Amino acid sequence: MAEKRILTDSYLRSIDTTGSRLEVWDHGNPGFGIRIGSKGDVSFQYLYRFSGKSRRFTIGKFPSLGLHAARVAYHKAAQLVSEGRDPADERASARSLESEAITVQALCDEFIERYAKLRKRSWREDERKLQRDVVPRLGKLRAKDVSRKDINGLLDLKMDAGSPVAANRLQALLSKLFGWAVERGHMDTSPCNGVPKPAKETSRERVLQHAEIFPLWHALDSGRDVGMHLVTRRSLQVMLLTGQRKGEVLRMKWEHLDQSGEEWTWNIPAENSKNGKRHRVPLDSAVIELLNSVRIEMTDPATGASSPWCFPSPAKPLQHVSLTGPDHALREELKRPQGPLKEIAQFTPHDCRRTVATGLSVLGYPRLIVQKVLNHVDTSVTSVYDRYGYDKEKREALTKWTAMLMAATWPAGRDYDRETGEELVCWDFESEWGFMRY
């Protein structure tokens, strides 16, 4: 049976079970109406002709879909027909795309393989964060269904755990992940748009002081009562002597070192440098002694083979030590109530770099030389034309810094004669260390 009338919400709500199927067409909207099933279920229908054949398009069911929304959908479908497009085929294609829509799990995997591994040396850290913080909670969702609320939920978990900096890093990673997904066509907009970093960060100011150097250096040097492996201890010492980044130090290979007479130079390749620029670091003999002590310790006594890495992993010598290893080991050692570092406030390996930079400034070296030692990018116009390497100036600065550091490893700035053992008062840099507080 079929009838025609102006459909209204009140009429739709009044429909009862008739026991037979009935079709009611909406007056003034050709082809649009409802089908009432034998059990009283109501669905919106659109009858039309396409390619010479009669077609039926089910728009949706009432009351899940209201009358107004159904009429809007009908007009859109009629418009498609007038353009020579079949609304049924369009819906099938859309549903196919929906079923093929990438999940967050798959997106994370694709991001690591197609973006992070190709552009970031720290891709493993990105992968670890995604697999730990994102995939367990959002992995099964389609990426395009992730909401701003979902993103804020992940960040709130980090903040509630007392990790504001980690929350900020996660926000940055998620923004990159979903921004990349938009570029790849997986979604139209990023759910991270409008989501700010959850915590305010202030620039770290931690600089090691004169009184801290003595217990720190001797604990790292001797290893007495310290729960850190020799490789980790020596890597921290090299960071303190050279001011170079943790990742660059831990990726150092013996093939990166050059010797000319008594002078040694460490050539950091572009792929190991944070700014992607090759960097030459003059090395004091104290650094070479530290590196050789690691080489001797890590040489296989049975075969005489040594690792190509200056700081090999104790468990897997053919790999360099973990990039997070020194952070974890130092953090645990500083927390030990009876350890040799118990009087030293918490600091990180990166604070060694800040200590070197501050020390060079206190010693009177201009910011340009400090910048060259640290391999910071110079964005000035002059830098485009200035191709001088500043190796001589860097060597002088690091030699003077080493002297200042070594002086702080003996009480009152005293040292001793390496041949006679006689105690010498040869340096007094304690006053310079005092300026590093400001």
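Visitor: Which residue lies over the face of Trp 123?

Guide: Happy to start there, with the reminder that this is a predicted model. A lysine has its charge over the ring of Trp 123, at 4.7 Å from the ring centre. That residue is Lys 117.

Visitor: And at what distance from the ring centre of Trp 254 is Arg 295?

Guide: Here, too, a side chain lies over the face of a tryptophan, with Arg 295 placed over Trp 254. The distance from the ring centre is 4.0 Å.

Visitor: How many aromatic pairs are there?

Guide: Rings of Phe, Tyr and Trp pair if their centres lie within 6.5 Å. By this rule, the count is seven.

Visitor: Is the pair of Phe 32 and Phe 44 stacked or edge-to-face?

Guide: The two ring centres are 6.0 Å apart, and the planes meet at 10°. Phe 32 belongs to strand β3 (residues 32-36) and Phe 44 to strand β4 (residues 42-50), so the pair ties together parts 12 residues apart in sequence. Both residues are buried. Planes under 30 degrees apart count as stacked, so this pair is stacked.

Visitor: What is the angle between the planes of Phe 111 and Trp 180?

Guide: These rings form an edge-to-face pair, 5.7 Å centre to centre. Phe 111 sits in helix α4 (residues 104-119) and Trp 180 in helix α7 (residues 164-184), 69 residues apart. Phe 111 is buried at 0% relative accessibility, and Trp 180 is buried at 6%. The angle between their planes is 75°.

Visitor: How many disulfides does a search of the whole structure find?

Guide: A disulfide needs two cysteine sulfur atoms within 2.5 Å. For Cys 108, the nearest cysteine sulfur, that of Cys 192, is 11 Å away. The sulfur of Cys 310 is 18 Å from the closest one, in Cys 352, which is too far for a bond. Over the whole structure, the number of disulfides found is zero.

Visitor: Which strands stand at the edges of the open sheet, each with a single partner strand?

Guide: The sheet has three strands in the order β6-β7-β8, with antiparallel pairing. Two of them have one side left without a neighbour in the sheet, because each has a single partner strand. Those edge strands are β6 (257-260) and β8 (279-283).

Visitor: Which helix lies across β7 and β8?

Guide: The helix spans residues 391-407 and runs at about 45° to β8. Its name is α16.

Note on methods. Residues numbered from 1 in each chain as written. Predicted model: local features only at pLDDT ≥ 70, side-chain atom pairs only at ≥ 80, totals over all residues. Heavy atoms only, no water. Pairing = 2+ DSSP bridges. Helix = DSSP H or I, 4+ residues; strand = E, 2+ residues; numbered from the N terminus. Contact = heavy atoms within 4.5 Å. Axes fitted to C-alpha atoms, helices over the stretch in contact; angles between N-to-C directions. Phe/Tyr/Trp six-rings, centres within 6.5 Å; stacked < 30°, edge-to-face > 60°. Buried < 20%, exposed > 50% of the residue type's maximum accessible area, 1.4 Å probe, protein only. Lys NZ or Arg CZ within 6 Å of the ring centre and 35° of its normal.
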